Amino acid sequence: MQATGRIPVSINGSIASSVRNVSFTKTTPQKTHKFADKSRARSEGQPEYKFSITCSCLEDKQVILEQIADAQAVGEVNISYQVGSNEYMFIDCGLDSEAVSSDQDGTADLALSGTATDFLTLR
């Protein structure tokens with residue numbers, strides 16, 4: 001068995017440019033109800049979807065920002081990713097954070113994070 005080393009990312013079907021690190025998170029609130037007879041029950045809320053993408057800054061332009069802007073112009077931003085043979089998609093994504101940083105070792109990063117309204121398993 002071989003471990004995967006990369007998670008390819010696409011924005012509305014186009015390969016996301018210069019992506020180095022990704023994180024996709026689904027959290028579903030859980031509530032434990034404790035009753036007077038000492039029994040318990042669990043309920044769950046609606047899931048929340050968050051993503052974080054770190055890209056290398058490019059010298060001429062930040063293509064990933066253009067890809068996101070183009071997707072917004074035609075309707076909505078959908079970010080898909082592949083883990084092994086499975087493919088998933090975050091639907092209707094919005095950025096809530098954009099940061100640029102660099103260090104003296106020559107690394108310049110563009111960090112993007114945001115949320116999505118829905119999640120699909122494509123295959």
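View 1. Thr54 sits in strand β6; strands, like helices, are DSSP runs numbered from the N terminus, with at least two residues of type E for a strand and at least four of type H or I for a helix. This is a predicted model, in which local features need pLDDT of at least 70 and side-chain atom pairs count only at pLDDT 80 or more, while totals for chains, interfaces and linings use all residues. Residues are numbered from 1 along each chain as its sequence is written, and side-chain values use heavy atoms, with hydrogens and water left out. Is Thr54 buried or exposed? Its relative accessibility is 16%, so Thr54 counts as buried (buried means under 20% relative accessible area, exposed over 50%, partly exposed in between, with a 1.4 Å probe and protein chains only). Beyond its neighbours within four places in sequence, Thr54 touches Ser18, Val19, Arg20 and Asn21, and also Asp109, Leu110 and Ala111; contact here means heavy atoms within 4.5 Å.

**View 2. Strand β6 and its two partners.** Strands β3 and β6 run antiparallel and are joined by 8 bridges; two strands pair if DSSP finds at least two bridges between them. Within this pair, Val22 stands opposite Ile53 of β6. Strand β6 is also joined to β9 by 8 bridges, again antiparallel. Here Cys55 has Leu110 in β9 as its bridge partner.

**View 3. The open sheet.** How many strands form the open sheet? There are 7, in the order β2-β1-β7-β8-β9-β6-β3, with antiparallel pairing. Strands β2 and β3 (19–27) stand at the edges with a single partner strand each, so one side of each has no neighbour in the sheet. Further in, β8 (residues 86–102) and β9 (residues 108–121) pair in the antiparallel sense over 13 bridges. Along that pairing, Cys93 has Ala116 in β9 as its bridge partner.

**View 4. The helix across the sheet.** Helix α1 covers residues 63–73 and lies across β1 (9–11), β2, β3, β6 (48–56), β8 and β9. Its angle to β9 is about 35°, where axes are lines fitted to C-alpha atoms, for helices over the stretch in contact, and angles run from 0 to 180 degrees between N-to-C directions. The protein has 1 helix and 9 strands, arranged from the N terminus as β-β-β-β-β-β-α-β-β-β.

View 5. Strand β4 (residues 30–34) and β5 run antiparallel, joined by 5 bridges. Which residue of β5 is the bridge partner of Thr32? The partner is Arg42. The two strands form a hairpin with 5 residues between them, and Lys38 in the turn has a positive phi of about 75°. Strand β5 (residues 40–44) is where confidence is highest, at 98, whereas β2 (residues 14–15) has the lowest, at a mean of 94. Confidence is given as pLDDT, the predictor's score for each residue from 0 to 100.

**View 6. The protein as a whole.** The average pLDDT is 94, and 100% of the residues score at least 70. The C-alpha atoms fill a box of roughly 65 × 40 × 35 Å along the principal axes. Buried residues make up 26% of the 123 residues. Among contacts with a separation of 6 or more, 61% join residues 24 or more positions apart.
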